[in-house]
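Hi,

Here is the structure I promised to pass on.

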Amino acid sequence: MAATYNPTIQQNATWEINMVIRNPSPDGGVTQGSPFDLTNYTGQCQIKSAVDGTVLTSPTVTIVDATTGKLSISTSITQNASLPVTSTTNPPKPPLPVYDALIGNADTPPRIIKILKGSVTVEGGVTHWTP
């Protein structure tokens, strides 16, 4: 089952989340499961205007350490600058963009696992970074 995380992304800045993927807990959640071995897995992620909507951007999923289940999901300044600022009304109009992140292996057929899902709030950026 995918975890839910609803990030706030700043325009004109980078965004990154780091995590450890774990196997299910052997005792129903009292203790953490062991790290999920990500060897031979890759990841994909998309932020869309709605579940069946337009792709706004595709964050990068990086396997940081396969044997310990560590991965990161990130977007660049350029990607974030193109995201539409979300409304501050309650509920937001239009609704917040949504995303999910998947990992998959090279088996035939591949094993695909949804690891993360949620909605995204985009805050406008004032300063434009110049190197």
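Below is what I found, starting with the overall layout and ending with two single residues.

A word on conventions before the details. This is a predicted model, so local features need pLDDT of at least 70 and side-chain atom pairs count only at pLDDT 80 or more, while totals for chains, interfaces and linings use all residues. Residues are numbered from 1 along each chain as its sequence is written, and side-chain values use heavy atoms, with hydrogens and water left out.

**Overall layout**

The protein chain has 1 helix and 10 strands; these are DSSP runs, numbered from the N terminus, with helices being H or I of at least four residues and strands E of at least two. Reading from the N terminus, the order is β-β-β-β-β-β-β-α-β-β-β. The C-alpha trace spans about 45 × 35 × 30 Å along its principal axes.

Of the 131 residues in the chain, 31% are buried. Buried here means under 20% relative accessible area, exposed means over 50%, and partly exposed is in between, with a 1.4 Å probe and protein chains only. Looking at contacts (heavy atoms within 4.5 Å) between residues at least 6 apart in sequence, 62% join residues at least 24 apart.

**The β3-β7-β6 sheet**

Three strands make an open sheet in the order β3-β7-β6, with antiparallel pairing; two strands count as paired if DSSP finds at least two bridges between them. At the edges sit β3 (15-20) and β6 (60-65), each pairing on one side only. Neighbouring strands in this sheet are turned by 20° against each other on average, direction ignored. For that angle, axes are lines fitted to C-alpha atoms (for helices over the stretch in contact), and angles run from 0 to 180 degrees between N-to-C directions.

β3 pairs with β7 (residues 70-75) in the antiparallel sense over 6 bridges. Across that pairing, Val 20 stands opposite Lys 70, and Asn 18 stands opposite Ser 72.

In a regular strand the side chains alternate between the two faces of the sheet.

**Cavity and pockets**

On a 1 Å grid over the protein atoms alone, a cavity is a set of points where a 1.4 Å probe fits but cannot get out; a pocket is an open set with protein on both sides within 12 Å along at least five of seven lines; and lining residues have an atom within 4 Å of a point. Grid points are joined across faces, edges and corners, and a volume is the space filled by probe spheres set on the points. For residue classes, Ala, Val, Leu, Ile, Met, Phe, Trp, Tyr, Cys and Pro count as nonpolar, Asp, Glu, Lys and Arg as charged, and the others, Gly among them, as polar.

The largest pocket has a volume of about 360 Å³. It is lined by 16 residues, and Met 1, Ile 21, Arg 22, Ile 113 and Ile 115 lie nearest its centre. By class the lining has 12 nonpolar, 1 polar and 3 charged residues. The largest share, 4 residues, comes from β9.

The second largest pocket has about 240 Å³ of space. β4 (41-48), β8 (98-105) and β9 each supply at least two of its lining residues, and the lining includes Gln 44, Val 51, Asp 100 and Lys 114. The classes come to 5 nonpolar, 3 polar and 3 charged.

**Two single residues**

Gln 11 is in the loop between β2 (8-10) and β3. Gln 11 is buried, with a relative accessible area of 15%. Leaving aside neighbours within four places in sequence, Gln 11 is in contact with Asn 80, Ala 81, Leu 83, Val 85, Val 122, Glu 123, Gly 124 and Gly 125.

Asp 65 belongs to β6, and it is partly exposed because its relative accessible area is 29%. Its C-alpha atom is separated by 8.7 Å from that of Thr 39, 26 residues apart along the chain.

Cheers
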